[in-house]
Amino acid sequence: ISTFLYATDDAAATVETAGYFNNARHLLSKGDVIIASMVNGGTPVLKHYIATAVPATGNITIAIAATAAG
């Protein structure tokens with residue numbers, strides 16, 4: 001599992017769209033962590049994501065990483 005730092009002027013809703021990271025397919029694997037700095041309504045935000053699917057073809061999907069209790 002790898003961790004990536006990513007910065008963009010795109011809104012969080014755009015970054016969270018299926019396929020947004022398709023151009024990084026050669027770098028990402030399922031379970032990789034992406035720490036992203038982005039714009040949300042004009043205010044910079046930081047979110048942590050996990051790659052939930054990185055198929056050979058089709059859209060890469062991510063999910064907001066949630067801390068599990070326990």
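Here is a chat about the predicted model shown above.

Colleague: Before we dig in, what should I keep in mind about this model?
Modeller: It's predicted, so to speak for local features a pLDDT of at least 70 is needed, side-chain atom pairs count only at pLDDT 80 or more, and totals for chains, interfaces and linings use all residues. Residues are numbered from 1 along each chain as its sequence is written, and side-chain values use heavy atoms, with hydrogens and water left out.

Colleague: Okay, how many helices and strands are there?
Modeller: One helix and four strands. Both are DSSP runs numbered from the N terminus: H or I with at least four residues for helices, E with at least two for strands.

Colleague: And what pattern do they follow along the sequence?
Modeller: β-α-β-β-β.

Colleague: How do the strands line up in the sheet?
Modeller: The sheet is open, in the order 1-2-3-4, with mixed pairing. Two strands pair if DSSP finds at least two bridges between them. Strand 1 (3–11) and strand 4 (61–64) are the edges, each pairing on one side only.

Colleague: What about strands 2 and 3, how many bridges join them?
Modeller: Eight, between residues 33–40 and residues 43–53, and the two run antiparallel. Within that pair, Met 38 sits opposite Val 45 of strand 3.

Colleague: Switching topic, how much of the protein is buried?
Modeller: Buried residues are 23% of the 70, where buried means under 20% relative accessible area with a 1.4 Å probe, counting protein chains only.

Colleague: And what does the C-alpha trace span?
Modeller: About 35 × 35 × 15 Å along its principal axes.

How values were computed: Buried < 20%, exposed > 50% of the residue type's maximum accessible area, 1.4 Å probe, protein only.
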